[in-house]
Protein chains: 4
Amino acid sequence: MNGSPSDALEPLGHTGDLDEDRLREYCGVFGIFDHQDAAVYTALGLHSLQHRGQEAAGIVSFDGKRFHAERRLGLVGDHFSKESTIKRLPGSAAIGHVRYATTGETILRNVQPLFAELNTGGFAVGHNGNLTNALSLRKELIEAGAIFQSTSDTEVILHLVARSRKEKMIDRFIEALQRIEGAYALVVMTNHKLIGARDPLGIRPLVLGELEGKYILASETCALDILGARFVRDVENGEIVVISDEGLQSIKPFPKQAMRPCIFEYIYFARPDSIVHGRPVYEVRKAMGAQLARERRIEADVVVPVPDSGVPAALGYSRTAGIPFELGIIRNHYVGRTFIQPTQSVREIGVRLKHSANRSVVEGKRVILIDDSIVRGTTSVKIVQMMRDAGATEVHFLISSPPITNPDYYGIDTPQKEKLLAATHSLEEMRQWIGSDSLAFLSVDGIYRAMGEPGRNNLQPQFTDHCFTGDYPTPLTDLMAENRAQLSLLAEAS
Amino acid sequence: MNGSPSDALEPLGHTGDLDEDRLREYCGVFGIFDHQDAAVYTALGLHSLQHRGQEAAGIVSFDGKRFHAERRLGLVGDHFSKESTIKRLPGSAAIGHVRYATTGETILRNVQPLFAELNTGGFAVGHNGNLTNALSLRKELIEAGAIFQSTSDTEVILHLVARSRKEKMIDRFIEALQRIEGAYALVVMTNHKLIGARDPLGIRPLVLGELEGKYILASETCALDILGARFVRDVENGEIVVISDEGLQSIKPFPKQAMRPCIFEYIYFARPDSIVHGRPVYEVRKAMGAQLARERRIEADVVVPVPDSGVPAALGYSRTAGIPFELGIIRNHYVGRTFIQPTQSVREIGVRLKHSANRSVVEGKRVILIDDSIVRGTTSVKIVQMMRDAGATEVHFLISSPPITNPDYYGIDTPQKEKLLAATHSLEEMRQWIGSDSLAFLSVDGIYRAMGEPGRNNLQPQFTDHCFTGDYPTPLTDLMAENRAQLSLLAEAS
Amino acid sequence: MNGSPSDALEPLGHTGDLDEDRLREYCGVFGIFDHQDAAVYTALGLHSLQHRGQEAAGIVSFDGKRFHAERRLGLVGDHFSKESTIKRLPGSAAIGHVRYATTGETILRNVQPLFAELNTGGFAVGHNGNLTNALSLRKELIEAGAIFQSTSDTEVILHLVARSRKEKMIDRFIEALQRIEGAYALVVMTNHKLIGARDPLGIRPLVLGELEGKYILASETCALDILGARFVRDVENGEIVVISDEGLQSIKPFPKQAMRPCIFEYIYFARPDSIVHGRPVYEVRKAMGAQLARERRIEADVVVPVPDSGVPAALGYSRTAGIPFELGIIRNHYVGRTFIQPTQSVREIGVRLKHSANRSVVEGKRVILIDDSIVRGTTSVKIVQMMRDAGATEVHFLISSPPITNPDYYGIDTPQKEKLLAATHSLEEMRQWIGSDSLAFLSVDGIYRAMGEPGRNNLQPQFTDHCFTGDYPTPLTDLMAENRAQLSLLAEAS
Amino acid sequence: MNGSPSDALEPLGHTGDLDEDRLREYCGVFGIFDHQDAAVYTALGLHSLQHRGQEAAGIVSFDGKRFHAERRLGLVGDHFSKESTIKRLPGSAAIGHVRYATTGETILRNVQPLFAELNTGGFAVGHNGNLTNALSLRKELIEAGAIFQSTSDTEVILHLVARSRKEKMIDRFIEALQRIEGAYALVVMTNHKLIGARDPLGIRPLVLGELEGKYILASETCALDILGARFVRDVENGEIVVISDEGLQSIKPFPKQAMRPCIFEYIYFARPDSIVHGRPVYEVRKAMGAQLARERRIEADVVVPVPDSGVPAALGYSRTAGIPFELGIIRNHYVGRTFIQPTQSVREIGVRLKHSANRSVVEGKRVILIDDSIVRGTTSVKIVQMMRDAGATEVHFLISSPPITNPDYYGIDTPQKEKLLAATHSLEEMRQWIGSDSLAFLSVDGIYRAMGEPGRNNLQPQFTDHCFTGDYPTPLTDLMAENRAQLSLLAEAS
């Protein structure tokens, strides 16, 4: 490679946000059954899952007779903290959803939970994940006379359930699940039941909790903690849990398989205080830093985390390497929008809008910078330069996960392969472009070791890790069919 | 009569709006084909049809590849006057819709034009009227696996078209029309065509216009006038007009019937400068006033219209009776919301917020008040009292149409029968309750005469006039089936 | 004159508002003392005075201890109808103000009533009119160390009162009035008093009313009517009325002079149902139309008013001339903003956005159009063309007041002299530019006759009428001093 | 101690914000002279000073002829990032101000910079600090005829300057400074100059910077860093710096005194990356933690900071004590408003809305919690309980500054003395109420040592530290005069 991916530089120049170059989760889900404060608790649960999606939020409640839906663009706390909104969500059962902002289709029709009136009653669904055969199914359903009202992949589930000839709602739902492929953690609410379901590999997370004898479903344990609820267990891969007045029933309609959860929940998505499949996320991240110190020891004066997600790994590195941990980069908590940039000098301010170097701990020092990942690399360039501007004599850039070389199709917003820095550059090319004195990534086996495994089991990998390995765990049906051309005939702004 | 309908008094007390006791049209429609300014012209056309619906407005355009939709709560001029909105509606074909505010379901999902992606391409539809078998069809479609996304009766048309086994779009549409009952003027846009359709009796209006060689469809001629377009002809009852690159094609899929348009377009709905089925509305209203003067001559000093809809009839009465026409009631143009009313004295201000007596022309005079109709009668009480408070020695209340005794089911918002003053009170009871010195209505034959007819042809009535006569022109299927109970399981606020 | 004032055409092209070419009043005032609903009543009074100013509104109340102020851009009904706003205005005394939009200085600091904390207590003032020596006084006060916070001429009154060495508040106020020149109707509220004051000539109106034994001050009687209050009398020219717990006291600090009120209140500003100095405005306007018919009889088929302000004069003309009155122009009530105008064809729609010709009463007819005045003439061109486009065979344009040849400096927003059509064109030039078959104005003596006078008394004119005659009633001190250059060093947007 | 200050608990229960119990700075200031991007740079500078005030922000620019002002409630980035706002601030000189939210007077009139038009030209001023004789001066000025338009203490400076009889602007300003008492860092802009001034003791900070040869004034060095500007020096106590086309002039109109800056800038106010009087704030805070470890060594398993302000001190403690530093409390970045709390169980969620315990590092551990200060103590109770709920076996609460026993009157928002926990409780009473196993504060001499001093010089203290010692550095004139009763007669909402 000879040139730098200069077009990719632009986004950060505008907002100065170091988090701009992180992968993003599409969604978080929550559900509660038979609780007097169902809507408020769902709002609070979604609030604690806000890091999984900041574009939009929705709640559907059921009051024994009617379903009530509120969907809003924006943060949970902006809308669902209000009494007027909560009052429009009566009833003792509710499900909710937070959604990440993708460009172009940020419209209210796509905000979940989606709802359909079936002849057996109402059916509401919230989905975290992505279906890899949604477009193929959509095409088939439209040919059969179905009318789609959103561009969401999730809507095919509604139509499959609506059109099933099975008599019982749950059998219709199972029939629908058997048609869909990809990753999903679903919360479903019908007139009489709250249902949770996870795809056969358990790619996306879903946990079961309990509060005052009532069941809760949520993407992460932190949504249980905020309510003071007790963690019961993870919903298993391929499991359907049906919660009703008769208690909890577990259904496993798929052939038994080993679980293979997404490894990125540990690296970046999950909150550090969540416990995912028995592993505390904060401890895993420290262990990644420690493992990195074992794999790549560097002579330096300070270990500086890229805030905020690099902090636990930096603590782990610091402790194992015996090099002091310092806050060498300070975050400004008050950034809203991008400032106008009339002249070149203002444009250069860039990254300083949200972060500034803490000169007193950087100047004249050999600095080890720790970050959790590199996607396009656009922010890495800036942060290394910021350290140099503050007087660092050496800057070593260490990443507590392996190089990202492949896009995701299971609910993580990744750029196309050609925009992934590690997919198109050698390690040395990357280092040169980023401008650090050295650059290193955690090895694939190293990240498995930080998870408590002896290494990656290549015959039966313990995690979904195609972003590092290219080993996709399910067929990519839509991608093969090149269905993407015509997602929808309708463009709508709100 | 034993009691006064006192609960009915409340609404006016709050807003002081004399127009509160008028019947309301549900909708207006517009479409234009093959014109470079399609979206702007549709916005302007809808603006001139704003009197037919002030709750919400929507436009769908087609740019040759994709459909673009913008739907908004509020007035056309509030949203569709903006460049940013119009820019999101590219293309040379567009249809639009304005909608009246009904309670409870003022949600964006119900704002038309509705759109469906069919396997033959996109299908957008705007509807003025009401289907009298929509709930029965909806139930049938849900049982067959259809998912409804609105509570609008219009959505059944989408599903009927989507599920038709016919090959050609137009044949699917005809098949759908043959299933629906009631009143409709439809504008439809597909990938290649603009289509207009009117129900077999032609209850709701639809006209065809032409501008610079391009076709336009609109509810009223005033939408042609604002654009400087030429009136071509009314779309006929039971006619489908198909506009495409090959020109205009007329299809008449129903057995031939005499037209029977809604008489209320002449009395209140249509704009006075519109021409409906060859009759200028302003002239018809003057003729109603003149006919009223012939039927009911009263000794008085001044003829005062209830503004603004009573003005033409008052001019007609004044001229025929030889009594001076005066603006005895002045309208305040600046009323937005209702003012708070902390004490009884403020509450009594009521109607004066929007209207005030012009004391100089009322004091010491015998006043003939002319209004176009009485629905609940709540404003009539106030306006008569306002004249007395201003010093009128006599107040005679004359109505330029017959008593309304039956609700509508074809797209007019009427209260239930028991709230209609004339349905539950004798003429003398009405007069006592309203508090006027005399009260008179135009006769049924009289209103037909004002239309240029010799009288009502009871064997084959020339107009849809069930509000006065109880003679409904089509079966009321849903009403018979008592389907209303469960319109939808989902309540949503936006 | 050879060319047309083409630049002046632009404004109307944008909004299509016939009212754009009217003169505008700057303000309306209201005050009430010792009434439990003081703030609500002030809001209602201001609402009925909304025609005097639509830019902004403000209310100051006094609760016995503290003053409370709410000022807002926008209509009274948009803000002061809300309970939350009214609750922030406690107390039994209040004054209020509505203000017209002038360009450039639409900022909250200028919204009245203005307030100052003096060592004798609070002092709030609302002002209708304009001071002709405000800039001279302002300069003098700044030199003495005063700090101005608005660009309003009214603020000099505050400073004059604050700096007076008199002991009693009322003596300070009188001292201030003796320094100011020009036109003013003032309402003032102090800790213990409500005060009204009118300039020595009584140019701007102010009336005294009474409700339940409590006094009210207002610009027009229509503000009394909305509350059901009784008209007591006009405040006299040069009179100060002081309302306190001890009742009403009248002070006349100026040498006695004949009253000389502004004639434009009758022509355009006052609401038709108001009674100004004993004359009902509606009747005066009809009399202007009747006088016009006597001065200028034309053979024609219909008399058509330019809505809405031309209606009474048109009724008067019609009746005297024996030619039928018809609504030949229909107003669309639903216009908010300007629509975008991407192409020439859309731009030509212009005036039709707000008004449309009623073809059925214009086509093939000789039309007499009646309007109340011509300022720049920009809308006159359009309205005449609209009549021709609708098929009028002749269009005669008659104005129910004399030609406007001089700007105002007393609180009416007039363009500079060179923009006034009649100041720069002969009658025939005006006719040609407007495009009518004939053009006529009411004579100056004629308008005095319509007011019940035998004609203008040129030695001691009964009205302030310099816009027609150039006869300014007071010195124009600031204009002489050419003080306008530096109104303020501070430009602020809100 | 007899009772717990239970009413004080309420605020946190509502918002769950740990930062609610911190002291708050009133303001930050910025100024730049002769730079083409003056307004944008001022906006960026204010953005980096946002931690000093989040209620409102304002900028005044001067374009060589006119001053331009924009003042807004809300964050800098919400308003001053927009091109439309910056365009209304032309010119090459500008000053700006950010302001903290105090209750009751959050009105636009109080938002700085304030402006006055003097006969020598315009005068704009932004003020960080508080004048201790402002009310006495205000009373005196009102008696002399001055009209105040804000309730800000800063406005007295404007009036003193306006009324000075000195000829030169700078002499007027010096005369004004000689009348005022208390703490101030001022930025002033006149037609030709940018001026900075600091009170005789230098209580509030002000630094001088330079960018491309142009001078900058700012409250902290972080505002220079964001622009890439160079730190020149601190403005000295009692110094006036005058920046004009002729360069920089230093004036020292007061008798020479030792500097005595506010110690709280180091403890909490200043950003960790700022350098205040030569000391890096981050290093000082670490030194406070280290000193605390020397004064109070505790046997424990983990050191946990209260986020975010406790982090540097916790790092310092951890390193000196040799106990691991861990993020035991996780902050949720997405909190906007308070959620509704319909039932007791929801109310108990309280602090978990913004923070959650990181159970994996707390459970079964002896925890040392490090915070920077205790004001009311309301959040301390919650955070200790949160640690216990997460399974901590011991919780030791250590504060890296001395007990706060006295309110501030120099620009820090402190509660009244009786609400300060340490003012009314013994150490053991505090510990019991907070519920920790032990409680300790840094000593007064200890904090001086962390600053590099040998201890507090009680004869001539090196810092303003009355909050800990009661030793106020200036007379408290207004407090003596009990002038507070009537701050203003006018209450206004916006």
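Visitor: Is B:Tyr409 buried, partly exposed or exposed?

Guide: This is a predicted model. In it, B:Tyr409 has a relative accessibility of 24%, so the residue counts as partly exposed.

Visitor: How many aromatic pairs turn up over all chains?

Guide: Searching the whole structure gives 38 aromatic pairs over all chains. In one of them, the ring centres of A:Tyr268 and A:Phe269 are 6.1 Å apart with the planes at 65°, so that pair is edge-to-face.

Visitor: And A:Phe269, buried or exposed?

Guide: A:Phe269 counts as buried because its relative accessibility is 5%, and the cut-off for buried is under 20%.

Visitor: Which residues are in a cluster with A:Phe269?

Guide: Ring pairs join A:Phe269 with A:Phe264, A:Tyr268 and A:Phe468 in a cluster.

Visitor: Back to chain B. What is the geometry of the B:Tyr409 and B:Tyr472 pair?

Guide: That aromatic pair is tilted, at 5.7 Å centre to centre and 40° between the planes. B:Tyr409 sits in the loop between β21 (394-399) and β22 (412-413) of chain B, and B:Tyr472 in the loop between α18 (466-469) and α19 (477-481) of chain B, so the pair ties together parts 63 residues apart in sequence.

Visitor: What about the accessible area of B:Tyr472?

Guide: B:Tyr472 has a relative accessible area of 22%, so B:Tyr472 is partly exposed.

Technical notes:
Residues numbered from 1 in each chain as written. Chains lettered and ligands numbered in written order. Predicted model: local features only at pLDDT ≥ 70, side-chain atom pairs only at ≥ 80, totals over all residues. Heavy atoms only, no water. Phe/Tyr/Trp six-rings, centres within 6.5 Å; stacked < 30°, edge-to-face > 60°. Buried < 20%, exposed > 50% of the residue type's maximum accessible area, 1.4 Å probe, protein only. Helix = DSSP H or I, 4+ residues; strand = E, 2+ residues; numbered from the N terminus.
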